[in-house]
Amino acid sequence: MGIDFVDIAQAIIDGLLFGSTYALIGLGFTLIFGAMHKLNLAYAASAIAGAYVGLAMITLTGLPSVLAFFLGPIASGVIGFAVYVTCFRYIPTTNMLAPLMASIGALFFIDEIVIHATAGSPLSFPAVMEDIYLEFGDFGFRGDLIFVLAISLIAMAVLMYILFRTRLGLATRAVSQQPIAAELCGIAGHRTNAITFVVTGALGGLAGCMAAAAVGVISPLLTVPITVKGLIVTVIGGLGSIPGAIIAGFAVGGFENLFLLLFGVNQRDIYVFLLLFVFLVFRPGGVFDTAIERD
Amino acid sequence: MLKLDDLSKHFDGVRAVDGLSLEVDQGEVFGLIGPNGSGKSTTVNLICGVLSATRGKVTFKGRDLHGLPPHRRLNAGISRTFQNIRLFGELTVWQNVWIARRDAPGREAGFIRNWFGSSARTREAIEETLVFADLAGRANDLAQNLAFGEQRRLELARAVAARPDLILLDEPAAGMNREEVEDLRQRILALKHDGITVLLVEHVMELVMGVTDRIAVLNFGKLIALGTPGEIQGNAAVREAYLGSPDSESA
């Protein structure tokens, strides 16, 4: 029994839909990198932890499960702020390594809290629109993945609007382009950085919830793979490029599912890493090759 | 208005600014000149808070600015331009001015209005600032795509948009031709006419002599002369600082 074109196309479609969560995670890394020229490795951990908080809240209070997609991001935003204060705020900006290491510490710290709180066992996460399945000829679209895509696109549109059309977003971009001049234009760099962490944290929480919803379970074991996938997306997108991160997120999702179909679950990630290497060698500046501005 | 008291900044033993004391009066155009490395730019950085002083203090409108970060000094009424242009290159001309725009004291907008909205009044004020800097036709171009002279004018527009009481101009005429220098001179006079105090750091003597009310001359971080343009031009110590003393070969 061979793999025919329909299988391949279907795998890519599913992957692209799920890839929107990677795009959100990649965006989070990218925005923080753009703002501070630093990586926040605790990012995916705060995303998963936020999803846990969202799940806990609906389970404990009996609220409708859709609310997890609101409460999770809020929790992640708060965690994002805590990560900023503990790992970035008080470390001199010239020190590149210390915040990186501190955020790795935060990654494992958050992860451990989740493991202890849940006894390490996976919990089932409610899916939304899972009983819907749209069919177009040979192809089908899973309802829960369409939900994931729709929410991701809305989140991206809101984010783009803030970044490119509001004074808050412009101020954030101004800080990343010319930190000293921005201070002298009355923008408190620490404040916009803190806002960036909260906003990206919420974005991550949304991605965490949707990844968990698409898989059906949430587990602390998701943290490291999502961190790695997020970093791959960030690098392929070109560190600091916002459209790059979005395109790369979808691309990694699509390729990942294609590799899953072709090579099975054991070898899938080998090929994802291979994709990363291909980009690093042939297009180190990412898909758009504009990357970040360097003075 | 602005008072420097025994202001000093040492970098690893180099005394960039060394015990500088002077006072800038409300509404005047005050020139700060001196040979390269005499401490002019360091002084500007100390006033706007990019650097913190080793010793001494900066007083502005009777308030000691010690420990105040740059964005708070802007709110206190001090804005500046940069010698090496520091525009937000990926933002448009209009957005560069918008970012720096500050409402008049007592009319500050709330958080949401300030960061998410733009009132008709704000847009009008930005429009005016762009006309002042002769950039109205380029409002929607990215700052990084402007010609050099236009970038210099945008630097000025951005500093003006903050509605400062004191504006620090760090070599605004660098690289300008004669005509552009004359335009700049007119703009500085317009600022003065609006009651804004100007501290001008400049090498282009034509501009300094033609626009300032008083001039301070620095050499090796110390004040060596203070007076009107006429007095400074005739000052022997200033001549020596610029041209070197007859018996010294050092530049």
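Mentor: A residue counts as buried if 20 or more other C-beta atoms lie within 10 Å of its own, as exposed if 12 or fewer do, and as partly exposed in between, with C-beta atoms placed from the backbone. The model is predicted: local features need pLDDT of at least 70, side-chain atom pairs count only at pLDDT 80 or more, and totals for chains, interfaces and linings use all residues. Residues are numbered from 1 along each chain as its sequence is written, while chains are lettered from A and ligands numbered from 1 in the order in which they are written.

Trainee: Does S121(A) count as buried or exposed?

Mentor: S121(A) sits in the loop between helix 4 and strand 1 (123-124) of chain A; helices (H or I, at least four residues) and strands (E, at least two) are DSSP runs, numbered from the N terminus. Its C-alpha atom is separated by 14 Å from that of A212(A), 91 residues apart along the chain. Because S121(A) has 9 C-beta neighbours inside 10 Å, it counts as exposed.

Trainee: How far apart are the end C-alpha atoms of helix 4 of chain A?

Mentor: The expected span of a helix is 1.5 Å times one less than its number of residues. Helix 4 of chain A has 22 residues (97-118) and should therefore span 32 Å. The distance between its end C-alpha atoms agrees with this, at 32 Å.

Trainee: Within what arc do the buried residues of helix 4 of chain A fall?

Mentor: Those buried residues are P99(A), S103(A), A106(A), L107(A), I110(A), D111(A) and V114(A). They line one face of the helix, because their arc (that of the directions from the helix axis to the C-beta atoms) is limited when seen down the axis of helix 4 of chain A. An α-helix has 3.6 residues a turn, so residues three or four places apart point the same way. The arc is 125°.

Trainee: Which helices do the buried residues of helix 4 of chain A pack against?

Mentor: On the other side of this helix, L97(A), E112(A) and H116(A) are exposed. Packing is judged by contact, in which the C-beta atoms of two residues, placed from the backbone, lie within 7 Å. The partners of the buried residues, in chain A, are helix 2 (43-61), helix 3 (68-89) and helix 9 (223-236).

Trainee: How many residues of chain B are in contact with chain A, and how do they divide?

Mentor: Contact joins 26 residues of chain B to 18 residues of chain A. In chain B, the elements giving two or more residues to this side are helix 2 (70-76), strand 6 (78-80), helix 3 (93-100) and helix 4 (111-116). Ala, Val, Leu, Ile, Met, Phe, Trp, Tyr, Cys and Pro count as nonpolar, Asp, Glu, Lys and Arg as charged, and the others, Gly among them, as polar. The 26 residues of chain B divide into 14 nonpolar, seven polar and five charged.

Trainee: Which residues of strand 7 of chain B point opposite to L166(B), L168(B) and D170(B)?

Mentor: Strand 7 (residues 166-170) of chain B is mostly covered, with five of its five residues buried. L166(B), L168(B) and D170(B) point one way from the strand. Pointing the other way, and likewise buried, are I167(B) and L169(B).

Trainee: What is the hand of the crossover from strand 7 to strand 8 of chain B?

Mentor: Two strands pair if DSSP finds at least two bridges between them, and strand 7 of chain B pairs in the parallel sense with strand 8 (residues 197-201) over five bridges. L169(B) stands opposite L200(B) in strand 8. The chain crosses from strand 7 to strand 8 of chain B through helix 7 (residues 178-193). A crossover is right-handed if, with the strands pointing away from the viewer, the path from the first strand over the helix to the second runs clockwise, and this β-α-β crossover is right-handed.

Trainee: Which residue is the bridge partner of R80(B) in strand 7 of chain B?

Mentor: Strand 6 and strand 7 of chain B pair in the parallel sense over three bridges. The partner of R80(B) in strand 7 of chain B is L168(B).
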